[in-house]
Amino acid sequence: MSTPSSERPNWSLVERELLGGGFHPSRRLGQNFLRDPRAIESVVAAAELAPGACVLEVGPGYGVLSYELAARGCQLVAVEIDPRLAELSERILAPFPGARVVRSDALGGKHALAKPLLAAVAGWRDWSLVANLPYSVASPLIALVARLPAPPRRIVATVQLEVAERLLAPPGGGDFGPLSVRVQLAYRGSLVRRIGPGAFSPRPEVDSGIVRLDLRDDRPASDAWPPLDRLVDVLFQQRRKSVLGVLRAELGDAEVARDLLASQGIAPELRPERLAPERFLALAQDPAWCDHFARSAASDPRRVSPEESRGEARQEPEPSE
Ligand code: SAM
């Protein structure tokens with residue numbers, strides 16, 4: 001059973017250590033393992049990591065990406081929920097003193113980062129998130145790390161192509177939505193490359209993409225997010241109505257809604273889905289919206305809870321093997 005601890009992980013390791021021992025990859029945990037070395041190389045190259053760089057990986061699985069990161073001298077924290085995979089990646093990372101596995105769900109409760117993950121990155125100021133992300137976790141994880149007081153400077157992640165498209169979508173198209181606004185306000189993104197199902201085992205039904213996100217210096221401050229989250233939810237609930245119509249219904253006063261839009265130079269007949277992320281931020285920071293948000297929060301805290309505001313992020317379809 002034992003593996004030479006410095007072995008570079010490959011698929012025969014998985015067959016020998018996991019599949020041979022009765023391990024069945026979990027669809028719920030997005031256990032579609034990357035086995036194409038070119039895809040792994042693309043992730044590592046896009047991350048542009050110097051030796052000593054601090055890196056968080058979520059879902060090391062059998063350690064195929066973790067090994068490459070650790071071998072480049074990164075200070076690596078790899079958070080794995082599945083104890084069998086945590087044990088295997090601990091063995092893979094054993095020769096690297098700067099790398100460790102944290103056995104935990106990356107998310108804590110429904111829509112928060114887990115405490116062990118937060119503790120691991122607490123002292124980091126300049127760090128990267130580099131991962132082949134499990135499908136069900138990708139959107140909430142990226143949205144949540146983007147609003148940390150010290151967010152990752154760079155994110156390079158393999159995600160479902162549909163999620164990549166939503167992360168990078170410009171205003172006006174069908175992919176543009178709450179996730180696009182929340183992430184694009186914090187990051188400038190690009191698609192590194194597409195990856196077909198054949199790069200994974202088991203094969204997912206959908207295509208994937210590697211995205212690279214670089215932190216913006218002009219991102220919103222931490223305290224800007226709650227009113228912004230509420231505004232994003234309100235406007236996207238009726239994305240095809242006029243922005244005036246939606247705000248009038250929410251604010252309960254046509255004149256306040258009209259003044260709010262006029263003060264931000266936004267045409268009242270525009271549809272919410274056509275507003276650039278920066279417009280969402282400007283509206284959310286307008287005193288009229290801040291007053292409304294504070295009153296709503298005082299009268300019904302559930303209406304402005306982060307749980308509600310990121311509900312959409314947990315609804316990714318899962319691939320089937
Ligand atoms: N990094 C490996 C690779 O590239 O082959 C595995 C990636 S696989 C897509 C996703 C990994 O995330 C699995 O190891 C799975 O057990 C783990 N995982 C799933 N949900 C998780 C969660 N909520 N927190 C931490 N790890 C999770």
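Student: How many aromatic pairs does the structure hold?
Tutor: There are eight aromatic pairs. Keep in mind that this is a predicted model.

Student: Okay, take Trp 11 and Tyr 62. How far apart are the ring centres, and at what angle are the planes?
Tutor: The ring centres of Trp 11 and Tyr 62 sit 5.7 Å apart. Their planes are at 85°, so this pair is edge-to-face.

Student: Where in the chain do those two come from?
Tutor: From distant parts of it. Trp 11 belongs to helix α1 (residues 11-17), while Tyr 62 is in the loop between β2 (54-58) and α3 (64-71). That puts them 51 residues apart.

Student: And are Trp 11 and Tyr 62 buried or exposed?
Tutor: Both Trp 11 and Tyr 62 are buried.

Student: Which residues do ring pairs link into a cluster with them?
Tutor: Phe 23 and Phe 33 join Trp 11 and Tyr 62 in a cluster linked by ring pairs.

Student: Switching to helices. How do α10 and α11 cross?
Tutor: Helix α10 covers residues 243-251 and helix α11 covers residues 254-263. Their axes come within 8 Å and cross at roughly 130°. α10 and α11 are therefore oblique to each other, and their crossing is right-handed.

Student: Which residues make that contact?
Tutor: On the α10 side you have Val 243, Leu 244, Leu 247, Arg 248 and Leu 251. On the α11 side you have Ala 254, Val 256, Ala 257, Arg 258, Leu 260 and Leu 261. Sorted by class, the contact of α10 with α11 has nine nonpolar residues, two charged ones and no polar ones.

Student: What about α12 and α13, at what angle do they cross?
Tutor: Helix α12 (residues 277-285) and helix α13 (residues 287-299) have axes that cross at roughly 65° and come within 5 Å. α12 and α13 are therefore roughly perpendicular to each other. Leu 283, Ala 284 and Gln 285 of α12 meet Pro 287, Trp 289 and Cys 290 of α13. The residues of that contact of α12 with α13 are five nonpolar, one polar and no charged.

Student: Now burial. How many of the residues of α6 are buried?
Tutor: Ten of the eleven residues in α6 are buried, and the helix is mostly covered. Among the buried ones are Tyr 135, Ser 139, Pro 140 and Val 145.

Student: And which residues are buried in α7?
Tutor: In helix α7 (residues 161-168), the buried ones are Leu 161, Val 163, Ala 164, Arg 166 and Leu 167.

Student: What covers those buried residues of α7?
Tutor: The cover includes α6 (135-145), β8 (154-160), α8 (178-184), β9 (187-195) and β11.

Student: You mentioned β11. Where is Arg 212, and what is it in contact with?
Tutor: Arg 212 lies in strand β11. At 17% relative accessibility, Arg 212 counts as buried. Leaving aside neighbours within four places in sequence, its contacts include Ala 46, Glu 48, Arg 154 and Arg 188.

Student: Glu 48, then. What is its phi?
Tutor: Glu 48 has a positive phi of about 45°, although it is not a glycine. For background, most residues other than glycine have a negative phi. Glu 48 is found in the loop between α2 (37-47) and β2, and with 52% relative accessibility it counts as exposed.

Student: Last one. Where is there a cis peptide bond?
Tutor: A cis peptide bond joins Ser 201 and Pro 202, with omega at about -10°. Pro 202 is in the loop between β10 (200-201) and β11 (208-215). As a general point, most peptide bonds are trans.

How values were computed: Residues are numbered from 1 along each chain as its sequence is written. This is a predicted model: local features need pLDDT of at least 70, side-chain atom pairs count only at pLDDT 80 or more; totals for chains, interfaces and linings use all residues. Side-chain values use heavy atoms; hydrogens and water are left out. Axes are lines fitted to C-alpha atoms, for helices over the stretch in contact, and angles run from 0 to 180 degrees between N-to-C directions. Helices (H or I, at least four residues) and strands (E, at least two) are DSSP runs, numbered from the N terminus. Angles under 35 degrees count as roughly parallel, over 145 as roughly antiparallel, 65 to 115 as roughly perpendicular and the rest as oblique. A crossing is left-handed if the near helix is turned anticlockwise from the far one by less than a right angle, and right-handed if clockwise. Contact means heavy atoms within 4.5 Å. Ala, Val, Leu, Ile, Met, Phe, Trp, Tyr, Cys and Pro count as nonpolar, Asp, Glu, Lys and Arg as charged, and the others, Gly among them, as polar. Rings of Phe, Tyr and Trp (its six-membered ring) pair if their centres lie within 6.5 Å; planes under 30 degrees apart count as stacked, over 60 as edge-to-face and the rest as tilted. Buried means under 20% relative accessible area, exposed over 50%, partly exposed in between (1.4 Å probe, protein chains only).
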